[in-house]
Every structure is written in structure tokens, then in C-alpha cells.
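Try each one yourself before you read the solution.

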Amino acid sequence: MLSYTLLAGLLFGLYFSLVAVGLNLVFGVMRLINLAHGDFLMLGAFLAYGLYAAAGLNPLYAIPAAIVAFMLAGVALYYAVVPRLQASRDPQMLSFILLFGVSQIIEALAVIAFGNNQRAIPATVFGSRPVLLLGQSFPVAWVVSAAVSAVALVVVYVYLYHSRLGYATRAVMASRDEAASTGINVHRVSAIALGTGLALAAVAGVFSAFMLGSIEPDMGIGITTTSFAVIVIGSLGNPLGTVLGGLVYGVGLMVMETFYPSWADLLPYVLLILILLVRPSGLLGQRVRLA
Amino acid sequence: MSPNALLSVSGLSKRFGAYRALDGLSLEVAAGEILGLVGPNGSGKTTAINVISGVYAADAGTIRFDGRPVGGLPIHRRARLGINRTFQVPKPFRSLTVTENLEVASAHSRSGDNQIRECLELLALDSVAGREAASLTSAQQKRLDLARALVARPRLLLVDEIGAGLNPAELQLMAQTLLAIAGSGVALLVVEHLLGFLRAVASRVVVMDAGREIFEGPLDLAARDPQVIDVFLGR
């Protein structure tokens, strides 16, 4: 039982890392909490559901569409909003309020477009035979979700640590003014980071029907809260710290679901409070705050 | 505008709410010249560098670089033209190594030349080239800040209080470095409180008070100017 719980926790941990990594990337580059993060994930979920319901497409086919659509949406959202926010006297507070408004608008439009009913994509869309991992049997949808999450996280790593754009992105994370004064186009780098953050959320949304149970327009706020807990556990502002936060959260969730199921919903809040009290800079510590 | 001026600033003004940080500042710097910018705290020296480099937009006035107006350009475009700077409190790209800091600056510079090894040696950073910038001492971070500006092959270098916190030996080394940079044809605008350091490097100074120029000329003459004495000693 325990080994099953831990392995399932790791699968879910990888998935929650993907859920949260975009939020952390956006925070690291722009120092703003995207309160609409979970709503973009919800839109990715409905994109996958729509393609499945309309054309019977496997959710894997929704991934390229989600990446292109949400990358473009992120770049457009950045240029429409962020430079004006940053010219204001209190950009962080203003962005907080504005993105809360964006979240509410997305949710309201989703209710109008899709209704309030819960939707689901059958897990058998990936096949009905379970997958054996270290002697334990898991639904194939969980394994596919975790595998895609792992690939996406590797792509984020390559982007940040092995590309010219990634070096520029990390420079902007350290200091926007100093990055700009070395010739980096900070707005372009930030717009791409926001687009990437939204695209990662949308890709996570594609698998939410299998990992989170169902799809509904008001799922965004809960996902944003969970994502925030994950990135605070790992390290706020350090995208790779999200992986550690995701794994801790995933294993914690599975342990709670297995042994104390009625308490499981409290996990993100309890972890958030605990980490802020015990180690406010996150498990990866000051590398991020000072990064 | 003097025909030799690489940078020409005229009537530069900047307000923050009711506070007038710059009030019609005008100055010129020629290629290969080191111009000192001095004044009491709050006189607008760092604001002048921030406006010239593009961190802040000017409310009024013109900034011409090599005869071309650059006041409307964003900071990264000015950097690519060859207007580079250091910061009063350096914030290196902490998660990157020293070499990676310079590689980023070089990759986005106007020339794209790879002068990283030369800059590391010039600023005595070669022994820490592979270390994360976050692990450097404050003096090393100042040298890294300067190296990052230099690797971009500047034509105009804006230097903001680079002497603060350095010991006498480090100050002497820094003065020699700035003179060598100017000797290569780069124009330098140096904001500094350490007048001994400034005397060693600057042929001319502009003294500021309340956002305005109150003196322009050699530092030794400034020290005898009644208005400058009044501003510094508060009489």
C-alpha cells in the first residue's frame, strides 16, 4: 500500500509540477502573481474536451494547439497590460487586482460558453490496460500525464539553462534594469515568458480531466491556490524549484488521500502555512529570492 | 553642441511627483574624456545617469548621442548603440556564473565581439570566472558590473559610484582601469562622492545641486568656487 501511495504521489507530483511551473516562471520574470493562472489551465482543459467531444480526438492532439494558442494569448496579454502596469506607481498591487479581474472574466465567459456542468474525458482514451511500474499497477492516463509533464519540465530546463533566450530570461529574473542596460529586450523576454507560462498551464489543463477528476469553469481558483502552494514549497521565483514543490505536494496528497481522505482538501493550505512559518524562502532556500 | 561631443544633454528635467530631481541639466562629454559628476546627496546625479541610460524617461530636454537624439529610445536600444552603464548597487545576474554574466551582455551588445577573456583579465575576475555571481564579494560584484558594461563595447560608459566601499588599493586599481578605458576612446561620465578618486581620473567635473549644474570645470577650481563650497558645507 505504501509503495503504491508513494509511486502514485510521484506521478501526481510530476503533474502538479507542470500545473505550477508556469506560475513560477511568470513570477520569476515579472514579479507578479498571475491570479488567472488556474483559469488558463481550465481553458486548456476545455480545449482538450472540445476536441474530444467534437471530433473524438485524443487529448494528446490538443497539446500543440494549446501551446500555439496560449503562447500567442500570453504575448498579446503581456503587451496589452504589463508595460502599462509597470509604469504605474504600485505595479504589483495593480497587477494583483487586474489579474483577479481577468480570472473572473475568464470564469464568467467559460460559464456562458460551456455551462456549469462538470465534464470529463474517459480515461480509456489512452487505452484500458493498466501500466505496471515497479510491480504496482496504475491507470495509463496517470502515466501518460506524468510522462508528458516530465517532458515539459525538461523542455523548461533546456529553455532556461541551455538557450540564449533562457540566459536572457534568467538575467531578467535577477534584475530588469540591469538586464535592459546590457541590451536585453526585457519586454520581449517577459512576453515570451508569460506566453510560455500560459502554454504550460494549458498543457497541464489537457490532462486535468484525468488527474483532477473533472473539468468545470470554476476550477481555476482552486488550481491557482494549489499552484501557489507548490511554488512556495519549492521556491518562489525559481522555476526548477517547482519540481521539488510538486513532488512534495504530490506525495503528500496521495498519503492524505490514502490514509486521511477527508483531510486531503486541506493539504495545499496546511503546506502553504507550514512552509511560510518554517522556511519562508522555500525548500530550495535563498537561491531564488536572491536570484 | 560642441562638434567633439559624443554625448550632449540639454535642458534635462525629471520630476517624481512634486520633487524635481533634474531641473534643466546640460552637459557634454567627448570621446576619450572622463567627466566627473559630483554634488551632495539628492542633487540628481544618479537620476541624470538613469535618464541618460533610459531607466527613466525625461520630462523635458534632449539627449543626443553621436549627434542623434536618443531620448525616445528604450534602455536596451540605447545599450545597443553603445550607451552602457554600471549601477550604484550592482545586481549581477546572480544565478549565472561570472563568465555567463559576460556572455549574456556580449550576446546582446552592439558589436557581438567576444571580448570576455580580455574583460575578465582587465577586471581581475579570471580567477572567479566559473563561480556563481551570487558568491562574489561586493568589490568583485562592482568589478563584474563594470566588466559586463565593458564587454558590450561601450562608446559611452556611465559609472555610478563605483568607488564606494573599495579599499585604497582597489580604488587605485579602479582609477587605472577607468583611465585605460578612456584611453581606448570611450567617453565616461563618472558619478562619485570620493573626490580624491575623481581627481585621479576626471579632467573636468560638473557640480550639481537640486537638479541643476552650478559649476563646470576642473575639480581643483570647483573646490574654490564659492557656490560649490556653499552647497557642500551648507553655509
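A residue counts as buried if 20 or more other C-beta atoms lie within 10 Å of its own, exposed if 12 or fewer, and partly exposed in between. Keep in mind that this is a predicted model.

**Exercise 1.** Work out whether G166(A) is buried, exposed or partly exposed.

*Solution.* Start by finding the residue: G166(A) sits in helix 6 of chain A, which covers residues 164-174. Next, count its C-beta neighbours inside 10 Å: there are 16. That count falls between the two cut-offs, so G166(A) is partly exposed.

**Exercise 2.** Find which residues G166(A) touches, leaving aside its neighbours within four places in sequence.

*Solution.* With those neighbours set aside, you're left with contacts to Y159(A), L160(A) and Y161(A). Now look at V156(A): it is ten residues from G166(A) in sequence, and the C-alpha atoms of the two are 9.0 Å apart.

**Exercise 3.** Decide how compact chain B is for its length.

*Solution.* First, list its elements: chain B has nine helices and ten strands. As for burial, 47% of its 235 residues count as buried.

**Exercise 4.** Describe the side of chain B that touches chain A.

*Solution.* Count first: 24 residues of chain B contact 19 residues of chain A. Then ask which element of chain B gives the most; that's helix 3, with five residues. Finally, sort that side by class: eleven nonpolar, six polar and seven charged residues.

Conventions:
Residues numbered from 1 in each chain as written. Chains lettered and ligands numbered in written order. Predicted model: local features only at pLDDT ≥ 70, side-chain atom pairs only at ≥ 80, totals over all residues. Helix = DSSP H or I, 4+ residues; strand = E, 2+ residues; numbered from the N terminus. Rg over C-alpha atoms; globule rule 2.2 N^0.38 Å. Contact = placed C-beta atoms within 7 Å. Nonpolar A, V, L, I, M, F, W, Y, C, P; charged D, E, K, R; others polar.
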